[in-house]
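Here is a friendly walk through one protein model, for reading alongside the sequence and the 3D view. We will go from a helix to the pockets and then to the aromatic rings.

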Amino acid sequence: MNYIGSKFKLSKFIKSEIEKVVGQMKDKVFCDLFAGTGAIGRAFKTESKKVIANDIEFYSYILNQNYINNNEKINYQQYIDELNDTQGIEGFVYKNYCIGGSERQYFSDENGKRIDAVRQKIELWRTKKEINENLYYFLLASLLENADAVANTASVYGAFLKHLKKSAQKNLFILFILSFFSNNFDWTNFKKFS
Ligand SMILES: C[S@@+](CC[C@H](N)C(=O)[O-])C[C@H]1O[C@@H](n2cnc3c(N)ncnc32)[C@H](O)[C@@H]1O
């Protein structure tokens, strides 16, 4: 995520410094009190006995439910395809965060409508019990990460930019996000979502 304060780039360093002090993590519990994007918890997921992720914000709960709590390999492709085929609707995001429906321009009108449609569809699937909790959080995390990629901000959501920046003009497309379904995930190939 575009995120001021993310420790993603420092995660290897933080992990090795912690291990210098406490030794191998295999039999230890790692507790991330300000988990945010979950970047640090992810670095310990495969190697510690347990990861506890804590954060006051709900976005963080969604991301950590997916990245930390989920160990199930999910068949997600048909759902991602269906979300990408969904027609946009004028919902909450469009009415509050897009210039067409409000005085703000956090997203292009088109992307705001698509975020609304995708969000509502994911909730409908959950209500109808068509998807389980792991898939639900995977899809929500995918929406969060991909919506963030087309947000018209300078990385924080305290303010939007006056003109739609280049990346915000691109159409929202829900891409498969990095997921760490398994404790056996190969961390040597760990790369930043972009
Ligand atoms: C700089 S970010 C965390 C960065 C995180 N390590 C990462 O790499 O993404 C700080 C986080 O602390 C959380 N936070 C701030 N005050 C908090 C509190 N009183 N209790 C729990 N979380 C809090 C914020 O919601 C935010 O997600």
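Predicted model: local features only at pLDDT ≥ 70, side-chain atom pairs only at ≥ 80, totals over all residues.

Helices here are DSSP runs of H or I with at least four residues, strands are runs of E with at least two, and both are numbered from the N terminus.

Residues are numbered from 1 along each chain as its sequence is written, and side-chain values use heavy atoms, with hydrogens and water left out.

**Pockets**

A pocket is an open set of points on a 1 Å grid over the protein atoms alone, where a 1.4 Å probe fits, with protein on both sides within 12 Å along at least five of seven lines; its lining residues have an atom within 4 Å of a point. Its volume is the space filled by probe spheres set on the points, which are joined across faces, edges and corners.

The largest pocket has a volume of about 740 Å³. Among its 24 lining residues, Y59, F107, L144, A147 and Y157 are the closest to its centre. Two or more lining residues come from each of α3 (58-69), α5 (92-97), α6 (109-127) and α7 (133-149), and α7 gives the most, with 5 residues. The lining divides into 18 nonpolar, 3 polar and 3 charged residues. In this count Ala, Val, Leu, Ile, Met, Phe, Trp, Tyr, Cys and Pro are nonpolar, Asp, Glu, Lys and Arg are charged, and the others, Gly among them, are polar.

The second largest pocket holds about 320 Å³ of space. Of its 17 lining residues, V51, A53, N64, I68 and N69 lie nearest its centre. Here β2 (50-53) and α3 are the elements that give two or more residues, and the largest share, 6 residues, comes from α3. This lining has 5 nonpolar, 8 polar and 4 charged residues.

**Aromatic rings**

Rings of Phe, Tyr and Trp (its six-membered ring) pair if their centres lie within 6.5 Å; planes under 30 degrees apart count as stacked, over 60 as edge-to-face and the rest as tilted. By this rule there are 10 aromatic pairs. Two of them are tabulated here.

| Pair | Centre distance | Plane angle and type |
|---|---|---|
| Y97 and Y106 | 5.6 Å | 75°, edge-to-face |
| Y106 and F160 | 5.3 Å | 70°, edge-to-face |

Y106 lies in the loop between α5 and α6 and F160 in the loop between α7 and α8 (166-169), so their pair ties together parts that are 54 residues apart in sequence. Ring pairs link F92, Y97, Y106, Y157 and F160 into a cluster.

Y106 is buried, at 7%, whereas Y97 is partly exposed at 28% and F160 is partly exposed at 30%.

Terms used:
Buried < 20%, exposed > 50% of the residue type's maximum accessible area, 1.4 Å probe, protein only.
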